[in-house]
Amino acid sequence: MGVSFVIILLIIAMVTAFIMRLRYLQRIKNLNWWSIQAEELQAVKIPTSRSVFNTSSNQRFTNASTMSEVSLTGRDHSMYKGTLVHMHLLASNNIRVNASLLKEFQMIRDMNHPNLLRILGACLEGERKMIIVEYCPKGTLQELLMDQSFKLDILFCLCILSDIVRALIYIHKHPLRVHGRLTSEVCMIDSRFSVKVGYYGLPTIYDSVKLLSKTQRKENDNLWIAPELLSCPGRATQKGDVYSLAIIISEILTREEPYSNDKDHMSSQEVLNKIQENFEPPFRPTVSAPKEMAIIEHLMRECWSSDPEKRPSLNRVHSIIHGLMMKNNQTGSLVDNLLQRLEKYSSNLERIVDEKVTELKLEKQKSEELLRQMLPASVADRLKAGLLVEPEFYDCVTIYFSDIVGFTDICSMLEPVHIVKMLNDLYSCFDGVIEHFDVYKVETIGDAYMVVSGLPARNGNEHARQIARMSIALLDAVSNFAPLDTPNKDQLKLRIGLNSGPVCAGVVGLKMPRYCLFGDAVNTASRMESNGAEMKIHVSNSTASILQEFGHFVLQSRGTVEIKGKGTMETFWLLSEKDLSSPVTLE
């Protein structure tokens, strides 16, 4: 019994010791969450760009075999767990990991805000000691402001200030309570053009950050420190952060370094001495803001007041900036606002595109309709499709020619403008008439009007009847036409000629293509018209023969007529069309 009890106690003791050991190791691990071994960092070289605001996301990294290959530019980078990070080199090799430093790391461990530069850890072993933070590809706010090629509008300025103020409010509410090192150099710009404030907490570390750039001397850093704190190195207050914010605002408004005008004839130390002197008004950067930034300028002057108690709270600063953003119908980060603008622009663009597409469709329909008026529909469709229109032979079509009797005399009595109007009115009337028949208007040349039926769509012998009926309708239309504005109030009179026969049709020309008819039948139809009589329809024997087959047209033989180039031909007058029940009449 006693032996068993001792064994149980030993087991309990061993389990307890094991648990305590695990808790100790976990506690040590928690305390050393920040520790990064040099072997975990893979050095890279980022090609230098002419502008730190290169928006390309396809940056090229060159692997280096050792950490010593990274150039000491103050902008060293490496890959840590597959993520590009930025390394702040420490000037002192005497930094020791002690309880105070562990406490500093523990304080910032849970700090997480979209406008804070995330601290990933530190490498405090080996010859090169450094602190590792997230990488911001757009560089520092100071670099952005100094780049005059980068345009800043009021929205961009408000977004920058809003990001900084939100970060400071978070820090002031955190147990850390204060930033204490706020400058435009510690404000980083990420890929979304959001500001991330860095260099917070870790006084033991950041007091030893190696500033390798010659322009970043200790005196220059002090230009952002409140006057009441210049004589107390290492001391920081929340009101001091507000003062530092005011100096950053002056940089945003002027796009220059603080006191740049004064440093032309004064050293940085002389500038600091004047800042500490109790002048009224106090010695501050020279700022002249545009009208739209007047409220921001007034806020800046409040924030750099000599009396810390007169400086506004960060909540009030944020309220003013938020109000200005709301006034400009903007909230959130710069990229969020840009996305909102893009969404609105996209919606508006879609509406404009829809309108333009509708207009384009209407114009296309008009163009197609115009093309179909100039060419047969089937031919127009082939031309639109980019296809070649081959010449086509037609066994028999009926061709119509007409002109105005005495057109030359009429032209001598009317002004050219009146002649054009007369022809337009006449042919518009004709175009309205021929729409009711299966015919195709070939062309008009001067007072000549040419129509054909039987092409491009073949219709048997129907072409002769369609042209005959159309000719009768045109004579009737012209007889009701208003008298001309001539001294004798002349009435327009037509001379019409018809002929049927074989033709070849095709498109001629590339610019302003024309659908033309070729063949002896065309010449004969023209001769029928020129040898006809006013207000009569002169018909060739071939057309008369086809019309006789229909049995309801009144034809009168004209006898034989001498036709130029054709010799003697028997021709007919088409007088009218009878009822369908009446027999054909051939006089």
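Does Ser 471 count as buried or exposed? The relative accessibility of Ser 471 is 0%, so Ser 471 counts as buried. The model is predicted. Ser 471 lies in helix H16.

**Contacts across the sequence**

Ser 576 is 105 residues away in sequence, and the two C-alpha atoms are separated by 9.7 Å. Two further pairs are listed beside this one.

| Pair | Separation along the chain | C-alpha to C-alpha distance |
|---|---|---|
| Ser 471 and Ser 576 | 105 residues | 9.7 Å |
| Gln 37 and Gly 126 | 89 residues | 9.2 Å |
| Gly 559 and Met 569 | 10 residues | 8.1 Å |

Gln 37 sits in the loop between helix H1 (2-31) and strand E1 (41-45). Its relative accessible area is 31%, so Gln 37 is partly exposed. Gly 559 belongs to strand E15, which covers residues 553-563. Gly 559 has 23% relative accessibility and therefore counts as partly exposed. The cut-off for buried is under 20%.

**Aromatic pairs**

How many aromatic pairs does a search of the whole structure find? The search gives 11. Two of these pairs are described here.

Take Phe 156 and Phe 193. Their ring centres are 6.0 Å apart and their planes stand at 80°, so this pair is edge-to-face. An angle over 60 degrees between planes is what edge-to-face requires. Phe 156 is in helix H4 (residues 154-173), while Phe 193 is in the loop between strand E7 (187-189) and strand E8 (195-197), so the pair ties together parts that are 37 residues apart in sequence. Both Phe 156 and Phe 193 are buried.

Now Phe 430 and Tyr 449. Here the ring centres lie 5.2 Å apart with the planes at 80°, so this pair too is edge-to-face. The pair links distant parts of the chain, 19 residues apart: Phe 430 is in helix H15 (residues 416-434) and Tyr 449 is in strand E11 (residues 448-453). Phe 430 is buried, as is Tyr 449. The two rings also belong to one aromatic cluster, made up of Tyr 400, Tyr 427, Phe 430 and Tyr 449.

A charged side chain meets a ring elsewhere. Lys 536 lies over the face of Trp 573, at 4.9 Å from the ring centre.

**Backbone geometry**

Most residues other than glycine have a negative phi, and most peptide bonds are trans.

Tyr 199 lies in the loop between E8 and helix H5 (203-206). The relative accessible area of Tyr 199 is 12%, so Tyr 199 is buried.

Pro 456 is placed in the loop between E11 and helix H16 (462-479). H16 is also the helix that holds Ser 471.

**One face of a helix**

Helix H9 spans residues 268-276. Four residues are named as buried in H9: Ser 268, Val 271, Leu 272 and Ile 275. Down the axis of H9, the buried residues fall within an arc of 100°, so they line one face of the helix.

**Cavities**

Rolling a probe the size of a water molecule over the atoms shows where empty space is left. The structure holds two cavities of 30 Å³ or more. The largest cavity contains about 70 Å³ of space.

What lines the largest cavity? Its lining includes Ser 250 and Thr 254. Also part of it are Glu 256, Glu 257, Pro 258, Tyr 259, Ser 260, Asn 261 and Asp 262. Pro 285, Thr 286 and Val 287 line the cavity as well. The lining residues divide into four nonpolar, five polar and three charged.

Notes: Residues numbered from 1 in each chain as written. Heavy atoms only, no water. 1 Å grid on protein atoms, 1.4 Å probe; cavity = no way out; pocket = protein on both sides within 12 Å on 5 of 7 lines; lining within 4 Å. Points joined across faces, edges and corners; volume = space filled by probe spheres on them. Nonpolar A, V, L, I, M, F, W, Y, C, P; charged D, E, K, R; others polar. Buried < 20%, exposed > 50% of the residue type's maximum accessible area, 1.4 Å probe, protein only. Helix = DSSP H or I, 4+ residues; strand = E, 2+ residues; numbered from the N terminus. Arc of directions from axis to C-beta. Phe/Tyr/Trp six-rings, centres within 6.5 Å; stacked < 30°, edge-to-face > 60°. Lys NZ or Arg CZ within 6 Å of the ring centre and 35° of its normal.
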